[in-house]
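User: I have a sequence and a model of it to go through. Please work through some questions with me.

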Amino acid sequence: MGSAEERIKLEASWKEALHDEFDKPYMRELGDFLRREKAAGKEIYPPGALIFNALNSTPLERVKVVIIGQDPYHGPGQAHGLCFSVQPGVPAPPSLLNIFKELKRDLNIDMPTHGCLQHWAEQGVLLLNTSLTVERGNAGSHAGMGWQQFTDRVIEVVSQRREHLVFMLWGAHAQSKRRLVDPSRHLILCSAHPSPLSAHRGFIGNGHFGRANRFLEQHGQAPIDWRLPEMP
């Protein structure tokens, strides 16, 4: 059979960095849980091939910015393994629309015609949910099943192995991960969450996108092009 991580298609730099995690009891238990849920006929998002899309799209050595979300979207056809992002053709959810509003305010970037953030991921924006799966229509349903331990380790690895990154921590849940990031090596930006419930209490106006690019340029890195190209 081989180890769990050998059965998962994972980008090489992450496979090396996270090698030990996949054979730990909590990950084996998580795999067993997901198999039981599927056997019971439950619909799990995102599709299996996209569970690790954030890591596969943004190799460890290419990470420049880390944005931390919480759960994948739990509606049909939305989630594809990148936090806040939806698949092409799916309307942008309210939190993502507020992210686009702040981009317009901060960098005068026009509202895109879609909500797929793959272009950001491919430039080095690690779009990491802290739970990588969810049951259809049941927000938070997999939060206590082991993903938090795994994604905490991802954040630790990024903090320890890289320098001069930008961590965008929006809302209380993301800010609880601040303890995993070395502030002497990285820029940590905190604000309210972009959800409609809190966006106007500090997310809109936070200037995080421009601040991130200035920090990257100050440390000899190319800035992120936050504009989203038209989908083909």
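User: Leaving aside its neighbours within four places in sequence, which residues is S13 in contact with?

Analyst: This is a predicted model. S13 has its place in helix 2, residues 12-17. Once neighbours within four places in sequence are set aside, the contacts of S13 are P59, L60 and E61.

User: Is S13 buried or exposed?

Analyst: The cut-off for buried is under 20% relative accessible area. S13 has a relative accessible area of 14%, so S13 is buried.

User: Which side chain does the side chain of S13 join in a polar contact?

Analyst: The side chain of S13 also reaches a backbone atom, the nitrogen of L60, at 3.0 Å. The contact between side chains is a polar one of 2.5 Å, and the partner of S13 there is E11.

User: What is the relative accessible area of K177, and is K177 buried or exposed?

Analyst: A residue counts as buried under 20% relative accessible area. K177 falls in that class because its value is 4%: K177 is buried.

User: Which residue has a side chain joined to that of K177 by a polar contact?

Analyst: Leaving aside neighbours within four places in sequence, K177 is in contact with I68, T130, Q148, D152 and I155. The polar contact between side chains is 3.1 Å, and it joins K177 to Q148.

User: How many residues in the lining of the second largest pocket are charged?

Analyst: The second largest pocket holds about 350 Å³ of space. Its lining has 21 residues, and Q70, D71, P72, Y73 and H193 lie nearest its centre. Of the lining residues, 10 are nonpolar and 10 polar, and the number charged is 1.

User: What is the radius of gyration of the chain, and how does that value compare with the globule rule?

Analyst: The chain has 9 helices and 6 strands. For 232 residues the globule rule gives 17 Å, and the chain is close to that, so it is as compact as a globular protein of that length, with a radius of gyration of 17 Å.

User: What share of the contacts in the chain with a separation of 6 or more comes from residues 24 or more positions apart?

Analyst: The C-alpha atoms fill a box of roughly 50 × 35 × 35 Å along the principal axes, and buried residues make up 55% of the 232 residues. Among contacts with a separation of 6 or more, the share from residues 24 or more positions apart is 68%.

Methods
Residues numbered from 1 in each chain as written. Predicted model: local features only at pLDDT ≥ 70, side-chain atom pairs only at ≥ 80, totals over all residues. Heavy atoms only, no water. Helix = DSSP H or I, 4+ residues; strand = E, 2+ residues; numbered from the N terminus. Buried < 20%, exposed > 50% of the residue type's maximum accessible area, 1.4 Å probe, protein only. Polar contact = N/O pair within 3.5 Å; in protein donor to acceptor, adjacent residues only side chain to side chain. Contact = heavy atoms within 4.5 Å. 1 Å grid on protein atoms, 1.4 Å probe; cavity = no way out; pocket = protein on both sides within 12 Å on 5 of 7 lines; lining within 4 Å. Points joined across faces, edges and corners; volume = space filled by probe spheres on them. Nonpolar A, V, L, I, M, F, W, Y, C, P; charged D, E, K, R; others polar. Rg over C-alpha atoms; globule rule 2.2 N^0.38 Å.
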